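Good morning, and thank you for coming. Please look at the sequence and the structure on the screen while I speak.

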Amino acid sequence: MNDRVDPQKNRRALGDSYVERNEISTGLPVYLVIESTSICNLKCVMCPYPTMGRKHEHMKLGLYGKIVSEAAGFVEFMWLHLFGEPLLNPDIYRMIDMAEEAGIRVGLSTNATVLNEAASRRILDSRLSLLILCMDGATKETFERIRVGAKFEEVSRNIRQFAELKRSRTGPLKAVLQMVNMHWNASEQQALRCEWEREGLDGILFKPFHVWANQDEQLISVGQPAERTSAGAVCYEPWIGFTVLADGTVVPCCNDYAGRQPLGDLKYQSIREIWNGAELMKLRRMFADPTSDRQGTICHGCPFQPASWEDARFGSGPFDPVTYQHGHYSDRGEMPVLNADENHVVTLGIVSGSLHVEPHSVFECSVAIDNHAGVALRSAGQNPIHISYHWLDAAGCSCVVFDGERTQLLPPLAAGGRSIYGVKVRTPEDEGTFRLQLCLVQENVRWLDDQVNSLTCEVEILKRSRD
């Protein structure tokens, strides 16, 4: 197993190499896509699986273990899916844990056809960080037209069962319901959101249609074709990581579904050998030269997005893959501005027991929220709702600390719904008895003191004896 590098220094080294268009990277890859299996049980209309022309196989666990061992210490995030259904691989749960045990965060996308109760429990018992649950239609007709081979009722039941099991657990797993934007389901987005908001998942995402580098007219016909990126723009993918197919072949990114542009083979080479090997350096040189001929490469027609100078120099955005991937799959619903004249849109109460804490420390309390508003409350959009607090004196008359720290509403709280959230609170610097008043704040709009029916809680703040 490799010695660990400093993550921030490594990200900045990658960013510097990207900005300077170096063919040799001075950093190590932070992001990998691993095709845990190339076997799928569906033929979805927006996916190249039916025509990709490669062998359908599970990645061998020995090969996967070699990849994880080599990646430990510098790779920060891995997807364990590409062109197959990962839950068909009987080793997938071990694969998740092997990566997380090595300090690599893992994400997974499933079509949920085989997400039965046993599979749900195994996922929840695993160390998975991020789960995407695919639901590309709000109606049976639309869903089964898109997800060819899947049954609407079966997939809906599986996802609801998973959500119910997840609600009974506490853990870091983030689970998001996802719809890919297509012509056929564009009119069903609002219906999907209304249907699934109450299930307690961590977000509902409407993902932009993926055009697979504009390689196949039939594939992109169900979505919206994207124009090629302007001349001179530089894709960041060759400077942050690569994709590994089920047989160990390394390709530039997920767009190379047919394995047209191999960069190496991890059955025989190491990650470090391929990272600054001849083929990957050649790819970086191609992007560094705006006059280079990209004909015959998957990059020729690709509408890739270049990274910003700020992200590269500060090691943020795609150079910080854990934050980037989790942020990308956050709930995207816009939070409307709540009516200032409407009182008691929320009832909020502290459900923790008596609180005795130290000065200038952070503790967590449990808060129950009932949403009486006509809309879901979410920490998303231009005006997100957050849970915050004020510190008052013992009599509750004077404010000691007005602007408390924020806690996101994850998952969003559906209209008419009730949920309990863990809220982090920082105590005042002085000892004594204070009153904690929990509240909501709509960022860039107002504190919702008048709209929240809440009770204050007495908190004794004293230094503990060190005897």
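This is a predicted model: local features need pLDDT of at least 70, side-chain atom pairs count only at pLDDT 80 or more; totals for chains, interfaces and linings use all residues.

Arg21 lies over the face of Tyr18, and the distance to the ring centre is 4.8 Å.

A pair of aromatic rings is described by the distance of the centres and the angle of the planes. How many aromatic pairs does the count give? The count comes to 11 aromatic pairs. One of them joins Trp212 and Tyr257 edge-to-face, with 6.5 Å from centre to centre and 90° between the planes. This pair links distant parts of the chain, 45 residues apart. Trp212 is in the loop between β6 (204–207) and α8 (217–220), whereas Tyr257 is in the loop between β8 (249–251) and β9 (264–265). Trp212 is buried, with a relative accessible area of 13%, and Tyr257 is buried too, at 9% relative accessibility.

Another edge-to-face pair consists of Phe287 and Phe304, with centres 5.4 Å apart and 90° between the planes. Phe287 lies in helix α10 (residues 278–288) and Phe304 in the loop between α10 and α11 (309–314), so this pair ties together parts that are 17 residues apart in sequence. Phe287 has a relative accessible area of 3% and is buried; Phe304, with 9%, is buried as well.

I now come to the nonpolar cores. In soluble globular proteins, nonpolar side chains tend to be buried together. In this model, the largest nonpolar core has 111 residues. Which residues have the most contacts inside this core? They are Tyr64, Met78, Leu80 and Phe242. Leaving aside residues up to four places away in sequence, Met78 touches Leu32, Ile34, Tyr64, Val68, Ala99, Ile104, Arg105, Val106 and Gly107. There is also a second, separate core of 32 residues, which includes Val346, Trp391, Tyr421 and Leu440.

Where is Ser126 placed? Ser126 is in the loop between α4 (117–125) and β4 (130–134). Is Ser126 buried or exposed? With a relative accessible area of 12%, Ser126 is buried, because buried means under 20%. A polar atom of the Ser126 side chain lies 2.6 Å from the backbone oxygen of Ile123. Apart from residues up to four places away in sequence, Ser126 touches Ile96 and Asp97.

My last topic is the cysteines. A disulfide is a covalent bond between the sulfur atoms of two cysteines. How many disulfides does a search of the whole structure find? The search finds 0 disulfides. Cys439 is in no disulfide either, and the nearest cysteine sulfur, that of Cys399, is 11 Å away. As for accessibility, Cys40 counts as partly exposed at 21%, whereas Cys439 counts as buried at 1%.

Thank you for your attention.

Terms used: Residues are numbered from 1 along each chain as its sequence is written. Side-chain values use heavy atoms; hydrogens and water are left out. A disulfide is a pair of cysteine sulfur atoms within 2.5 Å. Buried means under 20% relative accessible area, exposed over 50%, partly exposed in between (1.4 Å probe, protein chains only). Rings of Phe, Tyr and Trp (its six-membered ring) pair if their centres lie within 6.5 Å; planes under 30 degrees apart count as stacked, over 60 as edge-to-face and the rest as tilted. Helices (H or I, at least four residues) and strands (E, at least two) are DSSP runs, numbered from the N terminus. A charge sits over a ring if NZ of Lys or CZ of Arg is within 6 Å of the ring centre and within 35 degrees of the ring normal. A polar contact is a pair of N or O atoms within 3.5 Å; within protein, one must be able to donate a hydrogen and the other to accept it, and residues adjacent in sequence count only if both atoms are side-chain atoms. Contact means heavy atoms within 4.5 Å. A nonpolar core is a set of buried Ala, Val, Leu, Ile, Met, Phe, Trp, Tyr and Cys residues joined through side-chain atoms within 4.5 Å.
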